[in-house]
Structure formats: C-alpha cells, structure tokens
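Subject: Structure handover

Hello,

Here is the structure I promised to pass on. Please open it alongside this note.

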Amino acid sequence: MQIRSVIATALLTAQCCAPLRASAQQLRPPNTNGVSEPPIFKEVAAQVGLNFRHYNGMTGKLFLPEIMGSGAALFDYDNDGDLDVYLAQGNVLEPGTKPGGTLFPWREANAPRGRLFRNDLVIAKDGTRTLKFTDVTDKSGIVANGYGMGVAVGDINNDGRPDL
C-alpha cells in the first residue's frame with residue numbers, strides 16, 4: 001500500500017511539473033545561427049582561493065546522507081561588508097570507519113572538516129573587482145569535523161556578529 005502511494009505521488013508530481021518545465025524551456029530562445037552561446041557560469045573556485053573538496057564518506061551501505069550534497073553559507077564573517085563563505089564537509093558515518101578506507105578514500109593529510117573562507121575582495125583604482133578568498137578555518141576556531149549537510153547563520157548571542 002505504501003509503495004502505491006509513493007508511485008502515485010511521484011506520477012502526480014511529474015504531471016504537475018510538466019507545464020513548468022515546458023515554460024522554462026520556452027524562456028530561452030532557440031539558437032538559430034549555429035554559433036554556440038557562451039556559458040552562463042564559469043568555474044573559478046581554485047583560481048579565487050576556494051580550495052575545497054567535498055567528501056561524502058561513502059562506504060557502499062547506501063546511507064541516505066552519502067548521496068546528498070553538502071551545505072554552504074554566504075555571510076559576512078568579519079563584518080567588512082563583503083560575503084565570506086563557509087562550506088560544510090561530510091565524513092564517515094559509522095564509528096570505527098576511517099576516511100581512508102571508504103569507496104572514495106579521503107587522501108589529504110588533514111581529516112575532512114568544514115572550511116571557512118574570508119573574502120579578501122580587491123578593488124583596483126579603476127573600480128575593477130577581483131575575488132580572492134583566504135582559508136581562515138584555523139584562525140576562526142571552527143572545529144567542524146562531523147558529518148555536515150547544512151549551515152545556518154544567525155546572531156545567537158546577540159553580540160551583533162553572525163554565528164554558525
């Protein structure tokens with residue numbers, strides 16, 4: 001009975017979303033001149049200093065968190081007016097399992113953990129802006145070495161500074 005409910009829900013959702021998909025496809029006009037369009041986004045993470053590799057701790061036991069993405073927060077960690085980045089990290093889920101012994105082993109020297117990157121935005125005299133991030137995890141005192149899947153930011157202690 002439960003399987004039928006899941007299948008019915010999935011089919012109903014697919015039918016309800018079909019008009020949305022069709023209208024979204026119509027928003028972008030077809031390319032009729034044969035020239036490829038430039039990409040909307042460009043991968044610059046390593047270039048700007050966001051050196052981070054997500055690790056999901058996959059063991060082959062098909063735990064749900066292993067197939068879900070990690071969390072990220074954009075917030076002004078140092079109150080300088082620009083957005084800094086915190087990236088949540090995964091890890092192994094079962095006690096006794098080592099990150100190096102999973103299906104996709106963690107090969108870095110330090111254990112996997114969440115990372116905080118300070119935005120050191122560089123603004124040239126001509127107004128050109130250049131993104132540059134610096135890893136300040138150690139300096140911040142954040143020790144996030146469990147399995148992270150999400151991030152929340154708020155001023156918990158009412159001191160005017162954001163808390164993770």
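Below is what was found, from the overall layout down to single residues.

Please keep in mind that this is a predicted model.

Overall layout. The chain holds three helices and six strands. Their order along the sequence is α-α-β-β-β-β-β-β-α. The chain has 164 residues, and 22% of them count as buried. Take the contacts with a separation of 6 or more: 59% of these join residues 24 or more positions apart.

Surface. The chain's accessible surface is about 12,000 Å². Carbon and sulfur atoms make up 59% of that surface. One nonpolar patch covers about 400 Å². Its members are L64, I67, M68 and M149. M149 sits in the segment after α3, the helix at 137–140. Its relative accessibility is 33%. M149 therefore counts as partly exposed, since that class lies between the 20% and 50% limits.

Backbone. Two residues deserve a look on screen. L62 has a phi near 60°, which is positive, and L62 is not a glycine. Where is L62 found? L62 belongs to the loop between α2 (45–48) and β1 (72–75). With a relative accessible area of 73%, L62 is exposed.

N158 also has a positive phi near 60°, again in a residue other than glycine. N158 lies in the segment after α3. Is N158 buried or exposed? N158 is exposed, because its relative accessible area is 69% and the cut-off for exposed is over 50%.

Best wishes

Notes: Residues numbered from 1 in each chain as written. Predicted model: local features only at pLDDT ≥ 70, side-chain atom pairs only at ≥ 80, totals over all residues. Heavy atoms only, no water. Helix = DSSP H or I, 4+ residues; strand = E, 2+ residues; numbered from the N terminus. Buried < 20%, exposed > 50% of the residue type's maximum accessible area, 1.4 Å probe, protein only. Contact = heavy atoms within 4.5 Å. Areas by Shrake-Rupley, 256 points an atom, 1.4 Å probe, with all protein chains shown as cover. Patch = residues over 30% accessible without salt bridge, like charges linked within 9 Å, V, L, I, M, F, W, Y side chains within 5 Å. Salt bridge = Lys/Arg side-chain N within 4 Å of Asp/Glu carboxyl O.
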